[in-house]
Amino acid sequence: VAGTKSLVALSFSGAIGLTFLMLGCALEDYGVYWPLFVLIFHAISPIPHFIAKRVTYDSDATSSACRELAYFFTTGIVVSAFGFPVILARVAVIKWGACGLVLAGNAVIFLTIQGFFLIFGRGDDFSWEQW
């Protein structure tokens, strides 16, 4: 029951983040859909974690080179997702209000992704593998 409530809360927060992103694109004053390319960053951000989890078998080690490299790549992906709308606004492809909405959506979506891994990535009897 607790896992189901967590999943519903994460789904709700993901929907809020996507709503911010869509508002940054679809409002009449903005009307440019270039910020939707940040969805690529949202989709690829968990991939380094998945690869590192498959490669490192020993969960007792506090740190491994593969895990640290995964953190590095994930950080680069997240920073790129926040930098992309700023660059688009700086070169006047999108307006600064749209940039603010996209940045707010990024923050909510990445916190949702992190919350998913914190809640369902423990490896106990209730984990994300069953979903």
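Modeller: Helices are DSSP runs of H or I with at least four residues, strands are runs of E with at least two, and both are numbered from the N terminus. Arginine 67, for instance, is found in helix α4. This is a predicted model, in which local features need pLDDT of at least 70, side-chain atom pairs count only at pLDDT 80 or more, and totals for chains, interfaces and linings use all residues. Residues are numbered from 1 along each chain as its sequence is written, and side-chain values use heavy atoms, with hydrogens and water left out.

Biologist: How many helices and strands does the protein have?

Modeller: The protein has 5 helices and 0 strands. Read along the sequence, the pattern is α-α-α-α-α.

Biologist: Which side of the cut-offs does alanine 65 fall on, buried or exposed?

Modeller: Alanine 65 is also found in helix α4, but its relative accessible area is 66%, so alanine 65 is exposed. Alanine 65 and alanine 52 are 13 residues apart in sequence and 9.3 Å apart in space, C-alpha to C-alpha.

Biologist: What makes a set of residues a nonpolar core?

Modeller: The set must consist of buried Ala, Val, Leu, Ile, Met, Phe, Trp, Tyr and Cys residues joined through side-chain atoms within 4.5 Å. The largest such core here has 10 residues in all: Leu21, Val38, Phe41, Ile77, Ala81, Val102, Ile109, Phe110, Ile113 and Phe117. At least two residues of this core come from each of α2 (38-44), α4 (65-90) and α5 (96-120), and α5 gives the most, with 5 residues. Apart from it lies another core of 5 residues, including Leu88, Ala89, Ile94 and Cys99.

Biologist: What does histidine 42 touch, and what kind of contact does its side chain make with asparagine 106?

Modeller: Contact means heavy atoms within 4.5 Å. Histidine 42, in helix α2, touches Asn106, Ile109, Phe110 and Ile113, not counting residues up to four places away in sequence. A polar contact is a pair of N or O atoms within 3.5 Å; within protein, one must be able to donate a hydrogen and the other to accept it, and residues adjacent in sequence count only if both atoms are side-chain atoms. The side chains of histidine 42 and asparagine 106 make such a polar contact at 2.8 Å. Histidine 42 counts as buried because its relative accessibility is 9%.

Biologist: Where is serine 45, and why is it called buried or exposed?

Modeller: Serine 45 lies in the loop between α2 and α3. Its relative accessible area is 4%, so serine 45 is buried. Leaving out residues up to four places away in sequence, serine 45 touches Thr74, Ile77, Phe110 and Ile113.

Biologist: How do you know whether α4 and α5 are roughly parallel or antiparallel?

Modeller: Axes are lines fitted to C-alpha atoms, for helices over the stretch in contact, and angles run from 0 to 180 degrees between N-to-C directions. Angles under 35 degrees count as roughly parallel, over 145 as roughly antiparallel, 65 to 115 as roughly perpendicular and the rest as oblique. α4 and α5 pack at about 170°, with their axes 9 Å apart, and are therefore roughly antiparallel to each other.

Biologist: What of α3 and α4, parallel or antiparallel?

Modeller: The axes of α3 (residues 47-55) and α4 come within 8 Å and cross at roughly 175°. These two helices are therefore roughly antiparallel to each other. Pro48, His49, Ala52 and Val55 of α3 make the contact with Cys66, Arg67, Ala70, Phe73, Thr74 and Ile77 of α4.

Key:
Buried < 20%, exposed > 50% of the residue type's maximum accessible area, 1.4 Å probe, protein only.
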